[in-house]
Amino acid sequence: MIPLAHYLILSGILFSIGLAGVLIRKNIIVVFMCLEMMLTAANVALVAFSRAQGTAGVPVYDAQVLSLFITGIAAAEVAIGLALIVAMFRARRTVESTALNSLKD
Amino acid sequence: MFESSLCQILFYVLAAVAVLCAIGVVAYRNPVNSAMCMAMSFAMVAAIFFGMGAQFLGIVQLIVYAGAILVLFLFVVMMLDIHDERSSSNYVHAAVGVLVAGFFAGLVINVSLGLPGATDTPCPAKTLCSSFGELLIGDARTVSAAPASAAQYGGALPELNAAAAARLENPAISEADAAKATSISDVKLLGKCLYTHYNIAFVILSFALLSGTVGAVALARKIRKD
């Protein structure tokens with residue numbers, strides 16, 4: 001069987017790619033996609049832990065319930081965030097994060 | 001043995017595709033391409049969930065992430081008529097991002113490989129080759145898997161035990177019936193946990209979703225000046 005460590009490494013790599021995207025990209029929609037990817041990486045780690053910590057071959061379902069909650073909250077967050085992006089586009093005609101500099105100038 | 005190592009190879013292939021698609025999300029300039037790569041990556045993660053025996057979460061991942069959230073993203077991208085990101089020659093910015101992410105990835109990999117028992121399992125590629133050898137030359141060698149004990153929790157995941165799950169699901173079941181169980185009913189056990197221990201949290205989650213929808217409508221509608 002595949003060791004827990006490999007699942008955790010996959011989760012860590014997915015999380016870091018999401019982190020790099022959040023830091024590098026300027027298009028807020030793509031930044032948002034990268035945030036979703038980071039949440040998915042957390043889900044992978046949780047499900048792997050639920051298998052690894054199970055007693056007598058039964059997974060710990062608390063971890064999977066937590067993962068389900070993460071998915072639900074992510075759905076709510078996407079709805080709100082995309083509405084905010086639409087509102088921002090209405091106000092500034094752009095979705096680049098560099099355009100949000102009214103406190104700087 | 002041959003089938004199980006094939007499943008292991010499948011995990012590594014799926015993981016590689018998921019990581020490549022995740023890189024595609026960051027690398028493509030066009031947001032539509034990014035969204036498609038994101039869907040592909042999430043579908044691969046769903047397949048990995050299936051492989052881990054978390055069928056319900058795999059389906060949720062497919063329906064919610066690769067279905068609903070992707071459609072929402074594509075809808076907004078097409079509604080807003082966004083042009084490609086202007087090629088900003090800010091390489092310092094990109095280098096800092098890659099450096100921070102690389103540092104984090106190295107940290108996680110180091111910690112994961114340092115878990116007790118993490119490096120005990122034989123490399124699956126090697127296992128597959130030896131299984132091929134078994135098929136070809138009929139050698140009865142068996143590759144010993146790492147013992148799944150509590151102290152070695154970083155090692156191989158313990159095998160799913162259908163009989164124990166059946167006993168947990170229905171404590172009154174007889175030993176003979178429990179032994180007859182062939183697969184774990186993932187959804188039943190998950191639902192049992194969700195609707196007993198986490199019932200209040202589940203209700204709060206539904207309120208969060210409701211307020212999310214109402215808030216999205218309130219934020220995105222046109223504000224009339226009268």
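Me: Among contacts in chain B between residues at least 6 apart in sequence, what share joins residues at least 24 apart?
Reply: This is a predicted model, in which local features need pLDDT of at least 70, side-chain atom pairs count only at pLDDT 80 or more, and totals for chains, interfaces and linings use all residues. Residues are numbered from 1 along each chain as its sequence is written, while chains are lettered from A and ligands numbered from 1 in the order in which they are written. A contact needs two C-beta atoms, placed from the backbone, to lie within 7 Å. Of the chain B contacts between residues at least 6 apart, the share joining residues at least 24 apart is 53%.

Me: How many helices does chain B have?
Reply: Helices (DSSP runs of H or I, at least four residues) and strands (E, at least two) are numbered from the N terminus. Reading chain B from that end gives α-α-α-α-α-α-α-α-α. There are zero strands, and the number of helices is nine.

Me: Which helix gives the most to the side of chain B that touches chain A?
Reply: Here 62 residues of chain A are in contact with 80 residues of chain B. Several helices of chain B supply at least two residues each, among them α1 (2–27), α2 (31–51) and α9 (199–220). With 14 residues, the one that gives the most is α4(B).

Me: How many residues of the side of chain B that touches chain A are charged?
Reply: Ala, Val, Leu, Ile, Met, Phe, Trp, Tyr, Cys and Pro count as nonpolar, Asp, Glu, Lys and Arg as charged, and the others, Gly among them, as polar. On this side of chain B, 62 residues are nonpolar and 16 are polar, and the number charged is two.

Me: Is α2(A) roughly parallel or antiparallel to α3(B)?
Reply: Helix α2 (residues 28–52) of chain A packs at about 175° to helix α3 (residues 55–80) of chain B, with the axes 12 Å apart. Because an angle over 145 degrees counts as roughly antiparallel, under 35 as roughly parallel, 65 to 115 as roughly perpendicular and the rest as oblique, α2(A) and α3(B) are roughly antiparallel.

Me: How many charged residues has the contact of α2(A) with α3(B)?
Reply: Residues making this contact include A:Ile29, A:Met33 and A:Glu36 from α2(A), with B:Leu57, B:Tyr65 and B:Phe73 from α3(B). By class there are nine nonpolar residues and one polar, and the charged count is one.

Me: How many nonpolar residues has the contact of α1(A) with α2(A)?
Reply: The axes of α1 (residues 4–24) of chain A and α2(A) come within 8 Å and cross at roughly 165°. Among the residues that meet are A:Leu4, A:Ser11 and A:Gly18 in α1(A), and A:Val30, A:Cys34 and A:Thr40 in α2(A). Four residues of this contact are polar and no residues are charged, which leaves the nonpolar count, 20.

Me: Which residue just after α3(A) takes a positive phi?
Reply: Helix α3 (residues 61–92) of chain A has 32 residues. In the segment after this helix, one residue has a positive phi of about 60° although it is not a glycine. That residue is A:Arg93.

Me: Does A:Arg93 count as buried or exposed?
Reply: A residue is buried if 20 or more other C-beta atoms, placed from the backbone, lie within 10 Å of its own, exposed if 12 or fewer, and partly exposed in between. Because A:Arg93 has 9 other C-beta atoms within 10 Å, A:Arg93 is exposed.

Conventions
Axes are lines fitted to C-alpha atoms, for helices over the stretch in contact, and angles run from 0 to 180 degrees between N-to-C directions. The expected span of a helix is 1.5 Å times one less than its number of residues.
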